[in-house]
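Here are a few notes for a first look. Please read them with the model open beside you.

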Amino acid sequence: MEDVMIDDSSLVPQLVNDETQIIFQRHCAYDKESGTLLDKSVTEQKMLVKNFLNYMSDNLENTYFLFSASNTSSSNEFKRCVETVNIAMDLVKNYYTENGISTDHIMNLNDKSNYNSSVHESRYLTEPRMFTDQSGFLEYLKDKYGGINLDFWIDFEEDLSKQKREQFGSEGPDEIVQRSLHYINILERYSEFFHTKYPDSRLIIWNGTHYDLISPLVKQKVLNLDKSDYVGVKNCGGISLIINSDGKISSNVNGTIYPFDSQCSKRPRQYF
């Protein structure tokens, strides 16, 4: 199959009242040394969010947001996913204020929530846990390929060292997909509760995450591809899931709608 590159074309409002849109957006491009987002990428994110808001300007009073992101940080503690999503939250806050809409419509800023007026940082959205689990698998792959290079990533993404990885007890692409599904299941329950409390509303849950989560999720649960197939994700790009009023989920990848099965291997924890 030809390579697939996921862009930002599905990151537009696609829901009606009593529906929830779940966005999984890859963090914007960042400087590998400082860890900070590149100026060009910040501008790109601002334009994307402004276009998003322009599309939904006719139904602001019934539209609510929740912002969440991976807490993965660089060596200097800069959190690229949090910063990417924070740009979106700030622009939505300003847009609502300018249009006379209460910022309580942003659940992170709602006094009745416990998000402390900031982007919620979720452990479900992190990069591969081999970077933090101290299992030894990261060092094993680095020794095998002489560092973190293309061969390193091919091995990890295709799970070529699965037997060794399992011996180390570290997660691979299959486990990352299950982690993603656990998170989606939690959001399904949150969505059901939300729409019971706020009928005739629209809920947008904007998540900042990594290539390493979006790519295998799309391979396995949307396009039914092999691990050896390449699905890239553009910086600031991503996918959308829509939960309709009947609780059924569809996915949007590059503007094409696909069915989506959110069933996971075991019941997830209640928090995210």
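1. Basis. This is a predicted model, where local features need pLDDT of at least 70, side-chain atom pairs count only at pLDDT 80 or more, and totals for chains, interfaces and linings use all residues. Residues are numbered from 1 along each chain as its sequence is written, and side-chain values use heavy atoms, with hydrogens and water left out.

2. Helix 2, length. Helices are DSSP runs of H or I with at least four residues; strands are runs of E with at least two; both are numbered from the N terminus. Helix 2 covers residues 80-98. At 1.5 Å a residue, its 19 residues should span 27 Å, and the end C-alpha atoms are 27 Å apart, so the two agree. The expected span is 1.5 Å times one less than the number of residues. G100 follows helix 2 with a positive phi, near 70°.

3. Helix 2, burial. Buried means under 20% relative accessible area (1.4 Å probe, protein chains only). Buried residues of helix 2 include R80, V85, M89 and Y96. Their cover includes helix 1 (39-55) and strand 2 (19-26).

4. Strand 2, burial. Eight of its eight residues are buried, so strand 2 is largely enclosed by the rest of the structure. E19, Q21, I23 and Q25 lie on one side, and T20, I22, F24 and R26 on the other.

5. Strand 2, partners. Strands pair if DSSP finds at least two bridges between them. Strand 2 runs parallel to strand 5, with eight bridges; R26 stands opposite T209 there. Six bridges join strand 2 to strand 7 (residues 238-243) in the antiparallel sense. Q25 has G238 as its bridge partner in strand 7.

Conventions:
Buried means under 20% relative accessible area, exposed over 50%, partly exposed in between (1.4 Å probe, protein chains only). Contact means heavy atoms within 4.5 Å.
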